[in-house]
Amino acid sequence: MKIPFVSFIPMERELGDELESAFGRVLRASWYIDGKEDAAFEKAFAEYTGTNYCIGVGNGLDALMLSLKALGIGKGDEVIVPSNTYIATALAVTYVGATPVFVEPRIETFNINPERIEMAITEHTKAIIPVHLYGQACEMDPIKSIAEKHNLKIIEDCAQAHGATYKGQKVGTFGEAAGFSFYPGKNLGALGDAGAVVTNDNELAKRIRALGNYGSDYKYHHIYKGNNSRLDELQAAFLTIKLSNLDRMNAERRRIADMYLAGIRNPKVMLPVIMDDMVPVWHIFGVRCTQRDALEKHLNKAGIGTNKHYPIPMHLQECYRDLGFKEGDYPIAEEISKTELSIPMYYGMTDEEISYVIDTINSFTYS
């Protein structure tokens with residue numbers, strides 16, 4: 001049996017007619033930036049997340065960068081980010097001239113450990129970016145308490161967590177702003193690059209929108225040194241269709257995850273832990289194994305696709321050599337990078353495919 005790490009075919013089979021119709025509608029309208037489709041999606045996504053404003057942007061990295069920029073964070077400032085996440089989180093901080101400060105995660109959830117945040121705060125710290133990694137929310141109550149105590153901004157990185165909740169509240173609603181990615185592989189994915197910022201702050205929303213439109217509040221009037229980062233009409237039209245199916249497709253991901261959690265019983269394989277008060281959406285289902293490479297080879301030989309998130313932690317990436325870190329500085333992130341293996345998780349997996357993955361993992365032996 002061949003099972004890819006991810007497949008869009010089941011989703012495309014179901015939604016293909018609607019997506020093709022949306023393409024034709026945008027083509028006939030001959031309006032491709034900042035039009036009715038974008039406005040409709042922004043309204044729908046703000047309502048979905050439970051926020052007042054949504055600003056469509058070019059991608060998830062820009063969503064974070066523009067949020068930081070709009071909050072006045074820049075050169076000389078520090079921003080706390082998890083040591084275990086995709087590099088876009090740190091790059092957003094770098095792009096505004098600030099310095100990312102890494103904080104270790106809980107190894108059982110992969111998310112930032114609130115108990116480690118306060119010791120990383122200095123007089124230069126201006127914000128925290130909690131990343132709801134793999135589709136499970138961070139522990140937002142203690143993070144909010146720390147932010148309030150030290151007068152710090154919170155910008156949530158929700159790139160992998162569309163629809164995830166913490167204590168019944170959707171991610172993206174706990175801080176000053178939140179950035180979403182709609183990269184095709186996300187739970188809510190465009191058919192190209194796309195992103196959005198959500199916020200409840202009207203003035204902040206205006207600044208973010210202007211900053212993403214060359215710093216312009218109206219044509220040829222530039223109040224900021226801005227960027228070009230806007231959600232185009234075609235991707236907005238696609239996203240509106242997929243948004244109406246998101247909860248249903250997230251529920252199917254949870255069903256797949258429940259089968260994995262109940263069925264994988266190999267003592268060499270460590271399963272992710274769901275924290276109390278969390279409802280994850282399982283963008284990624286990551287297991288850990290001290291013989292990760294052997295397990296990956298075993299699965300690949302059986303026709304099962306895999307991925308590793310993330311094999312080189314951020315502090316050891318060549319582009320951040322200037323920060324002066326060395327191996328051993330962030331041991332938990334390093335341990336995750338050496339042991340994490342992501343197994344197939346996508347809408348449309350059959351029970352037969354899920355069971356095959358489970359049985360193949362359970363048959364793994366290594367001495």
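Predicted model: local features only at pLDDT ≥ 70, side-chain atom pairs only at ≥ 80, totals over all residues.

**Stop one: the loop between H1 and H2.** Select helix H1 (9-29) and helix H2 (36-49), then the loop between them, where Ser 30 sits. Check the backbone of Ser 30: its phi is positive, about 55°, although Ser 30 is not a glycine. Now slide along to Asp 34, which is in the loop between H1 and H2 too. Asp 34 also isn't a glycine, yet has a positive phi of about 55°. For context, most residues other than glycine have a negative phi.

**Stop two: helix H7.** Next, select residues 233-243. How many of the eleven residues of H7 are buried? Nine are, so H7 is largely enclosed by the rest of the structure. Colour the buried ones, among them Phe 238, Leu 239, Ile 241 and Leu 243, but also Glu 233, Gln 235 and Lys 242. To see what covers these buried residues, show H1, H2 and helix H8 (246-263), which are included in the cover. Then zoom to the start of H7, where a side-chain oxygen of Asp 232 comes within 2.9 Å of the backbone nitrogen of Leu 234.

**Last stop: a cis peptide.** Jump to the loop between helix H9 (292-301) and helix H10 (331-339) and pick Tyr 310. The peptide bond leading from His 309 into Tyr 310 is cis, with omega near 0°. Most peptide bonds are trans.

Definitions and conventions
Residues numbered from 1 in each chain as written. Heavy atoms only, no water. Helix = DSSP H or I, 4+ residues; strand = E, 2+ residues; numbered from the N terminus. Buried < 20%, exposed > 50% of the residue type's maximum accessible area, 1.4 Å probe, protein only. Contact = heavy atoms within 4.5 Å. Polar contact = N/O pair within 3.5 Å; in protein donor to acceptor, adjacent residues only side chain to side chain.
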